[in-house]
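Welcome! Please take a moment to turn the structure around on your screen before reading on.

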Amino acid sequence: MAGVGSACLFAGLLTALYAAAASLYGARSGRREVVVSGRRAIYCLAGLMVGATAVLQSAFLRSDFSYALVAEGSSTDTPTFYKATAMWATQDGSLLLWALLLSVFSSTVLFLTRRSLREIAPYATAVLAVVAGFFLLLMVGWENPFGTLASPPAEGSGLNPLLRHPAMMIHPPMLYTGYVGFAIPFAFAVGALITRNTGADWIRATRKFALVAWTFLGTGIMLGALWSYTELGWGGYWAWDPVENASLMPWLFGTAFLHSIMVQEKRGMLKVWNVFLIIGTFVLALLGTFLVRSGILDSIHAFGASTIGVQFLVFIALVIVGSTALVISRLPHLRSEARLDSLLSREAFFLLNNLVLVGLCLVIFWGTFFPLISEAITGTEASVGPPWFNRLTTPLALVLALLMGIGPVVAWRRITPAGLRRALMWPVLATALVLVALLALTSSAERPLAQLMFCLVAFVLAVVVQEFWRGAAARRTISGDPWPRALSRLVARNRRRYGGYLAHAGLVVLFLGVAGSSAFLDQRDVRISPGERFTSGGYSITYLRPTATLGADRAGTGAPITLGAVLRARDKNGKTFLLRPSRNFYPTQDGSKGAIGRFFEGEATSEVDVRWGLRRDVWTAVRPDISALDGPIREANAKFGDASGDVQAVVIAAIVERYRRHAPPATFRAIVSPLVSWIWIGAGIVVLGALIAAWPSPEARLRRARSLYAARLGRDLRAEAS
Amino acid sequence: MEYAAALIVLLCLVAFVVVWPLLRGEGSPAPDEGAREELEAAKEAKYREIRDAELDLQMGKLSSTDHRAIDRELRGEAIEILQRLDELERVTPGR
Amino acid sequence: MDPSRKRKLRLVVALGAALILAGALIYTSFSASTEASTPSEVVASADPGRSYELTGKVAKDSVKRDDDRLRFVIADRDGAGSVPVAYAGVVPDPFREGREVIVSGEMKSGTFVAERDSLVTKCPSKFTKEKTASIGG
């Protein structure tokens, strides 16, 4: 079956090339049937990619180790859920995922626009086909996921245990949905530029795709942060690591894009800026995909660590050069239709927000690529760490929060200073109250920046609540509805606006969590024996007893050995709860460690235990010291090296029990982070807001309302026109 | 040779799907259908803008003088779109 | 002020702000950065008191735990030079002999004394990197 999979890829490459050629020829010669043929080729491509994915997935689920990829990334003892998701843990598999998502999304958008955008769609098809072709070329030429092994091993290497976490498994598809999703507006923007059709048509057709892509990308980023917090042993959620930054940068540009397209739709301004933003978003998405694979930022000499790094760079360079040339050649058609009347207008605030977002992206870009930049400029490679990133991004985040508060209150074109004062009066008052409360009741004054963020969060939330309130009140004066109905109809009629406000609210709640947890956390690393205790963040934590179990991995990742601890935490009021951090040990295939030793010398992962809370989290991790077991393990290797599996299991059980009886001091890390849960809650609210904004209005009801309104408007306008 | 066989089969399938419209000749939907959809979308967007401006006025964000000016401008643009839609109807009567 | 002068003024202000940001970026990054080195480089020519980011492979049989500290030897990728490291802090899960690591710190009388929690281990076959780092703030 691997041959079928490979054939799907090669056929896909040819199909993509045909799609591009047919669309271009059909567009230039005006022959519609050729354009239709090109579009159908994209549908075929989607079918081929689905077929190829099905072949690969079935190989994973069957644990068919004749496939090199399955042998490398899965094993018979990998739980089924992780078998199904192991495909995108590998480089080749993730290229296939990209191609699959791109072809399916392209098919969807082309189907939806098959009757409209007659001029633009063929060029957009060609662009999408070329991008898909690039990924297919990578697979066909260099990284074929269907490579087979001449002598398949009896057992695979197994999925890296660190990746055996539900969040980590949905994280890549989410990110890729985001990256691929932004390819759609990019393709249509290029089509619009080529056909000099630079109005808002291409934006209207692809706006929902951009919004959905943005939501998925943001969710993917948050899942990565959640994974870092709950799976890795350091207890943080963001380290300004290059792979993290690689996904954040396109998201920032995408956020700017979502805002500024509204300005083009409403006022015909910022056309050049919009095109620049979507090209930038797409390039950053490609860069993000590339960065994670290339290894160029981990070490100076690792450029050759990936076999496809150079190809990616060439492709990205071509996209940048080609798009820039296109934009420059079409500049006359990208003139603004209106000018900025006043700084106190929504347009101006959107522009400001864009500048801050792009500035933020620039800072992150600079810091991420600094090793390469510094080497180019000074000859020595240097890098900057989290403190630098935090120092530069914090002020920008504060400004962004402020803009999120004032922006919604400002109207399009112009708001008078008096109008602004009136609109901001209550929110400012509420913020002042919050500030007083903070000063009086908490010690947040110790961290002025965090306190400032808390005030801004209160400000933005007050503005959002006021917007909902006033909007519903305005509806009530017309329709006389009761409050709940007025509110729901308000949101239903103005989904974009109120969904957006909700997203703002969610984002500042996220900022609240970040500010609280980073400024006020209390971290303690200790090395203690059973019975001893330590304090952290107002909790007194006692090491009650060690634990050692076989095959009882709580997280369901299939670990044979789990060593851990039971901790009891007591808070200031005397309430207690238990925490059970542990460490999973996975066997290695490396024979040199000994038949018994290999169970202790393979990969090991921290299984942290967190007590979640709205006010604070108590996070604990343990690192059991197994050096004391070295002696018994060596003995066991010698005596039972050739014994049967059952005997070895009993021996391992005995050794593990020995740990439990005579545990040496273990190393613990305990972190008490205030408000950290609000990060996840805030992200959820953002997604809810995005859903509301993207939700298609129920056609029938809206058509009725619209047709009534439209009829009235139509009558008015015709009366005015005649 | 599983690969070669599969490749030939797949390419034949794709060719079939893709060549079909070429054989059938002229593309199916009327060329102006696309223009109508675009104009309808632009019309809806313009109506939404008019409504947004009304909401802004009711919520006190826009002064009534500003709203009058904006409303007049938007309605003028809406009229243009309606006129273009009418022209389209006239050129391709019925459906 | 007539509209075009207003616009020019805004442009100047915007460009000024951009320049300030760019200046802050450049200045802070060059002054706050740590230089990347290999073990042989750091043994040969390290300035004492200056912080470096050391990249290399953990040498075989060199990992020892003594109380709170982890001691191991980092060797060049090609095995040319090596330097002993004393590290305190969280050890990332993939840390193992033969793996590539990155650690920040200073040279002190022949031993590389690492900053707390600055040890980063590269995952061998997968393309994601596991990390520990100190949380800002």
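The paragraphs below walk through parts of chain A, chain B and chain C in a predicted model.

Let us begin with a sheet in chain A. Four of its strands lie in the order β2-β11-β10-β9, forming an open sheet with antiparallel pairing. Strands β2 (522-528) and β9 (609-611) of chain A stand at the edges; each has a single partner strand, so one side of each is left without a neighbour in the sheet. As you step from one strand to the next, the twist averages 15 degrees.

Now look inside that sheet, at β10 and β11. Strand β10 of chain A covers residues 616-623 and strand β11 covers residues 666-674. The two run antiparallel and are joined by 8 bridges. To find your place along this pair, look for Arg623(A), which stands opposite Thr667(A) in β11(A).

Arg669(A) forms a salt bridge with Asp117(C), and their closest N and O atoms are 2.8 Å apart. In total, the count between chain A and chain C is 4 salt bridges. How many residues of each chain are in contact with the other? On the side of chain A there are 64, and they meet 44 residues of chain C. The size of an interface is often given as the accessible area lost when the parts come together. Here, the area buried between chain A and chain C is about 4600 Å², and carbon and sulfur atoms give 56% of that area.

Staying with chain C, follow strand β4 (residues 69-75) and strand β5 (residues 82-87), which pair in the antiparallel sense over 6 bridges. Within this pair, Leu70(C) has Tyr87(C) in β5(C) as its bridge partner. The hairpin of β4(C) and β5(C) has 6 residues between the strands, and Gly79(C) takes a positive phi near 80 degrees there. Strand β5(C) is also joined to strand β7 (residues 111-114) of chain C, through 2 bridges, and these two strands run parallel.

Finally, turn to chain B. What kinds of elements does chain B have? Chain B has 3 helices and 0 strands, and from the N terminus on its elements run α-α-α. Of its 95 residues, 39% count as buried. Among the contacts in chain B with a separation of 6 or more, 71% come from residues 24 or more positions apart. Chain B exposes about 5500 Å², with carbon and sulfur atoms supplying 59% of it.

Definitions and conventions: Residues are numbered from 1 along each chain as its sequence is written. Chains are lettered from A and ligands numbered from 1 in the order in which they are written. This is a predicted model: local features need pLDDT of at least 70, side-chain atom pairs count only at pLDDT 80 or more; totals for chains, interfaces and linings use all residues. Side-chain values use heavy atoms; hydrogens and water are left out. Two strands pair if DSSP finds at least two bridges between them. Axes are lines fitted to C-alpha atoms, for helices over the stretch in contact, and angles run from 0 to 180 degrees between N-to-C directions. Buried means under 20% relative accessible area, exposed over 50%, partly exposed in between (1.4 Å probe, protein chains only). Contact means heavy atoms within 4.5 Å. Accessible areas come from the Shrake-Rupley method with a 1.4 Å probe; for residues, only the protein chains shown count as cover. Buried area is the accessible area (1.4 Å probe) that two parts lose on being put together, summed over both. A salt bridge is a side-chain nitrogen of Lys or Arg within 4 Å of a carboxyl oxygen of Asp or Glu.
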